[in-house]
Amino acid sequence: MTHFYPGCTLSSSGKAYSRSLYWVFQRLGRQIEELPDWSCCGATSAHALDRDLAYALPARNLAIAQEMRSDLMVACSACYHRLKTTQQALGNPELQKRVQQLVDRPLHGSLQIKNVLEILTEESYLERIHQERTHELAGLKVACYYGCLATRIPRVAGFDRVENPTSMERLASAAGANVLHWPYKTECCGASLSVTNEALSLTMCDRILQMARRCGADLLVTSCPFCQYNLDWAQWKVSQEEAQTKAIPVIFITQLLGLALGGGDKELMLSSNLAGAEHVLCPLARTRQPLLVQK
Amino acid sequence: MEAEETVAALPHNVQRDECAAGSFDFIKEVEDHSGERISRCFQCDKCATGCPMAEHMVYTPNELFRLIQLGDQAGVLASNTFWYCISCYTCSVRCPNDIDIAHVMDSVRELALRAGYAPALTQARDFHRIFLGCVRRFGRVSELELMARYNLHRKRPFQRLSLGWTLLRKGRLEFWPFRRRGLRELFKRVEELR
Ligand code: SF4
Ligand code: SF4
């Protein structure tokens with residue numbers, strides 16, 4: 001049994017991620033169930049200020065899953081990072097005892113924590129995506145962007161290579177997109193600064209976006225809700241102040257897969273893109289149901 | 001050779017002889033708190049080379065580690081390095097001595113706050129506190145609540161209104177994504193253990 005740990009971001013600014021993810025999995029024949037009574041993993045803030053909270057908040061969710069003898073599927077890179085790190089740290093018996101006391105639930109046994117990309121790149125899904133495509137993405141030049149957290153977990157064997165991951169490239173090509181190779185796929189976008197230090201965050205996004213533009217990307221695809229929000233917000237922000245060249249829409253990998261599998265705006269929420277995705281996606285839409293609902 | 005030069009080039013006016021006579025208490029404190037072996041660092045500079053924030057840091061990560069080894073507690077805790085660290089973990093996965101550097105940054109930040117040092121980035125500390133307050137009360141974070149509280153705290157209630165409006169219009173804000181109960185008991189137990 002595997003339960004889905006959505007995390008807080010996926011119910012607000014990353015809603016398009018969870019909506020498209022649920023739809024894509026359903027389309028591939030898998031029903032997704034949310035982890036009951038899940039709570040925030042404390043991402044970025046807990047570990048920044050308090051070591052005990054940094055472990056206790058994710059551990060509470062691990063305990064729930066363990067009680068149900070369930071594995072976890074995680075989409076958000078930050079949640080994934082915290083849950084994995086905590087599980088690894090709890091290997092230390094002293095820490096495990098301390099955290100168990102804080103969580104007030106038994107922490108034992110092992111469970112697997114899997115990233116959505118890890119599950120989707122399992123051979124059967126890759127094949128099914130390829131076979132069940134209903135809509136062409138040909139001509140769409142896609143750069144995959146992982147950001148920093150998805151693959152960088154110290155001392156944990158990850159699902160992909162640390163410095164040069166390729167799972168999204170495999171998925172995007174299975175979906176029929178034209179995959180670009182570019183150098184900045186694991187550069188940090190500075191999302192944790194987008195509230196407290198806008199200027200710095202904008203500079204970091206700009207570097208990444210410029211490189212994507214120079215490499216000829218039509219679209220950036222990511223699996224991290226913070227990266228999606230930050231890179232999208234950065235382009236929206238610039239467009240408020242100056243006329244800029246057309247935005248490079250940043251969409252979730254599940255939205256891209258959904259496009260190939262025939263999803264429309266209702267299923268994929270493509271119109272939730274802040275910087276706008278019409279100029280890239282509407283040409284695809286000639287033969288299909290409304291891809292984007294103009295708001 | 002390299003290491004010698006890096007140490008000599010420390011931007012801080014640490015007298016090396018002075019520190020050599022200094023104590024090991026501080027490195028022990030940091031190692032105990034983080035569980036990481038900072039004494040292993042041999043100044044290869046890999047962490048600083050890949051750090052996206054290095055240009056904003058008074059001491060790059062390797063320099064900070066050298067100061068920890070030398071026992072310069074005040075110099076370390078008053079620095080801005082761990083405030084500018086954005087936890088991208090680039091350094092941690094590249095360190096040839098398997099030191100989780102990003103985790104050490106968290107530890108040093110915690111020690112600095114505990115010892116009463118003023119944060120180099122007050123907004124960052126405040127943001128994290130407000131964030132954790134939301135988790136305590138509701139168990140989950142509503143971005144709407146988080147932003148509203150942060151803006152109020154900064155006494156700029158009308159900041160980012162157009163962003164908020166755009167997010168709302170595009171269906172990217174949720175009004176009530178909370179659990180019914182917060183995590184008050186868990187937070188209390190954490191505080192009691194401190
Ligand atoms: S990468 Fe590791 S060993 Fe090299 S300077 Fe940084 S902390 Fe020291
Ligand atoms: S985790 Fe912090 S110190 Fe390490 S590379 Fe990233 S910003 Fe620099």
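This is a predicted model: local features need pLDDT of at least 70, side-chain atom pairs count only at pLDDT 80 or more; totals for chains, interfaces and linings use all residues.
A residue is near a molecule or strand if one of its heavy atoms lies within 4 Å of it. The residues around ligand 2 include B:Cys51, B:Pro52, B:Pro61 and B:Cys85. The list goes on through B:Ile86, B:Ser87, B:Cys88, B:Tyr89, B:Thr90 and B:Cys91, and B:Ala102 is also in it. By class, nine are nonpolar, two are polar and none is charged. For those classes, Ala, Val, Leu, Ile, Met, Phe, Trp, Tyr, Cys and Pro count as nonpolar, Asp, Glu, Lys and Arg as charged, and the others, including Gly, as polar.

Some housekeeping. Residues are numbered from 1 along each chain as its sequence is written, while chains are lettered from A and ligands numbered from 1 in the order in which they are written. Local features need pLDDT of at least 70, side-chain atom pairs count only at pLDDT 80 or more, totals for chains, interfaces and linings use all residues, and side-chain values use heavy atoms, with hydrogens and water left out.

Next, ligand 1. It has 13 residues around it, the closest being B:Cys41, B:Cys44, B:Asp45, B:Cys47 and B:Cys95. That shell has eight nonpolar, three polar and two charged residues. In chain B, α4 (46–50) and α5 (61–70) each contribute at least two of its residues. Helices here are DSSP runs of H or I with at least four residues, strands are runs of E with at least two, and both are numbered from the N terminus.

Staying in chain B, helix α10 (residues 122–138) packs on helix α13 (residues 184–193) at about 125°, with the axes 7 Å apart. Axes are lines fitted to C-alpha atoms, for helices over the stretch in contact, and angles run from 0 to 180 degrees between N-to-C directions. Under 35 degrees counts as roughly parallel, over 145 as roughly antiparallel, 65 to 115 as roughly perpendicular and the rest as oblique; α10(B) and α13(B) are therefore oblique to each other. B:Leu132, B:Val135, B:Arg136 and B:Arg137 of α10(B) meet B:Arg184, B:Phe187, B:Lys188 and B:Glu191 of α13(B), where contact means heavy atoms within 4.5 Å. This contact has three nonpolar, no polar and five charged residues.

Last, the two chains. 58 residues of chain B are in contact with 63 residues of chain A.
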